[in-house]
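Please keep the sequence and the coordinates at hand while reading.

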Amino acid sequence: MALFRTRSAAVYGIAAHVIDVEVDMYSGSSRDFITVGMPDTAVRESRERIKSALLNSGLGYPAKSITINLAPANVRKEGAGFDLPMAMGILGAMGTVKPADQYLFVGELSLDGTLRPVRGVLSIAVCAQRCGVANLIVPADNAAEAAVTQGIRVFGLHHLAEVVACLADPERFQPAAPQPPSPPSQQDSAVPDFRDVRGQATAKRALEVAAAGNHNVLMIGPPGSGKSMLAKRFAGILPPLTFQEALETTQIHSIAGLLPGGKGLLSERPFRAPHHTVSDAGLVGGGAGMPRPGEVSLAHNGVLFLDELPEFARNVLEMLRQPLEDRSVTLARSNMTLSFPASFALLCALNPCPCGFYGDASGRECRCTPGIIQRYMSKLSGPLLDRIDLHIEVPAVPYKELRENGNGTSSDDIRRRVERARGIQQQRGYYNAHIPPNQLRSLCRLDDAGERALEMAVRRLGLSARAHDRILKVARTIADLSESPAVLAKHLAEAVQYRSLDRNYWT
């Protein structure tokens, strides 16, 4: 009887945990291959991949029975990433490789022994560093993301035979070197410019304020007024990701399987724009088996754009409440509870009615009755709208502004102002949209004129306590854009103007 142990890891949520792969090989007439420890279908099917990979790599396959235990046995193991550690455990039990206690293995095996990439390798590398494992062996396509983690040696290999050779003589193989965030390719950097948008000075200013303070925005206006055009240019005025933000964002995209092969850290903020038919699991995360991150987590440190907002199912929209407030999503299942980060700027666009022309200044007549408009807008609950900082009107563009030859302000100019404002906020330790309640009064202290203006707005508009706080946060951002240490009455007045829906837009 031969017993051998290797180590791997499984990803739960955004974090990974070490899994011990114990291989017991013994004589038996039936030559069974048994996997225990709550494996899913992909893990149970690995026996056929492992057998073919070992034989086709010239490493042989034992004529004995094999039992593999994935410990701890009380948590579910999913995916094909356990192929490589199970194969190495069998080779160890055969005496082909020596003990590898300081190695952690992850990778899927092709039938010819080629290593195929798997999800969540960056989280696994962080887990290896945390647990003091010195070496990590991964498929070559996963090496760039794993090498971002400091304190461990990452070997990106192409074939099972290379893994055996690496364990025999690791000095022959060069560990993967950390790669700096790659500059955006010419195609990726071709972000549309705000200079292309004619008119809409108020909307552009509001989006600049939103980008500076990481605020949520709702744009309302008739079809063709430029709402989607403005939204697609919003990502171009956001500052680059910091290292910590890039690490978190890359982890999430790696877990979701959206990280391109050979890619290290992501260098651009994500911009997610799901279709209005998205399910609740698609938006906030979940699904069958191990819960996966949804669109709100894939937009972490970036932008989530919901076009034609009332077309989304109401129950789907209501699920945005928790991530907008807590900047995370907690998914509870009978056997586990997982949390995914979800700190994003929400960007929404909608028409004022189903036909789109209610209140249109260009003269196009609205064909919708009040009842139709009420049913159309009933999907947007008060608590959801309360969590959106800026409500802005995007009216139809007049002909004169549409045909003017002026270039307008470019995205680069706006971004520079946004970066200066965010630099001020970073000295405080958080963006203005995330000011803690116990710091709000001190950071947004008002003079007598400001107090009177705010009291009048709260009384006349019937604002909730949450809307009151959000107006103060937006005013603080406007003050930062002006490089003003104090929040003045004019900053507060501008912030109140960005609450269109509180000012009875449909009356």
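In which loop does Pro 72 lie? Pro 72 is found in the loop between strand S4 (65–71) and helix H3 (83–94), where helices (H or I, at least four residues) and strands (E, at least two) are DSSP runs numbered from the N terminus. The model is a predicted one, in which local features need pLDDT of at least 70, side-chain atom pairs count only at pLDDT 80 or more, and totals for chains, interfaces and linings use all residues. Residues are numbered from 1 along each chain as its sequence is written, and side-chain values use heavy atoms, with hydrogens and water left out.

The peptide bond that leads from Ala 71 to Pro 72 is cis, its omega being near 5°. Most residues other than glycine have a negative phi, and most peptide bonds are trans. Gln 200, in the loop between helix H6 (160–168) and helix H7 (201–213), has a positive phi of about 55° although it is not a glycine. Gln 200 is buried, with a relative accessible area of 9%; buried means under 20% relative accessible area, exposed over 50%, and partly exposed in between (1.4 Å probe, protein chains only). Glu 483 also has a positive phi, near 55°, but at 52% relative accessibility this residue counts as exposed.

The strands S1 (residues 2–12) and S2 (residues 15–26) run antiparallel and are joined by 11 bridges; two strands pair if DSSP finds at least two bridges between them. Within this pairing, Ala 9 stands opposite Val 18 of S2. The two strands form a hairpin with two residues between them, and Gly 13 in the turn has a positive phi of about 70°. S1 is mostly covered, since nine of its 11 residues are buried.

The axes of H20 (residues 465–481) and H21 (residues 489–497) come within 8 Å and cross at roughly 125°; axes are lines fitted to C-alpha atoms, for helices over the stretch in contact, and angles run from 0 to 180 degrees between N-to-C directions. H20 is therefore oblique to H21, given that angles under 35 degrees count as roughly parallel, over 145 as roughly antiparallel, 65 to 115 as roughly perpendicular and the rest as oblique.
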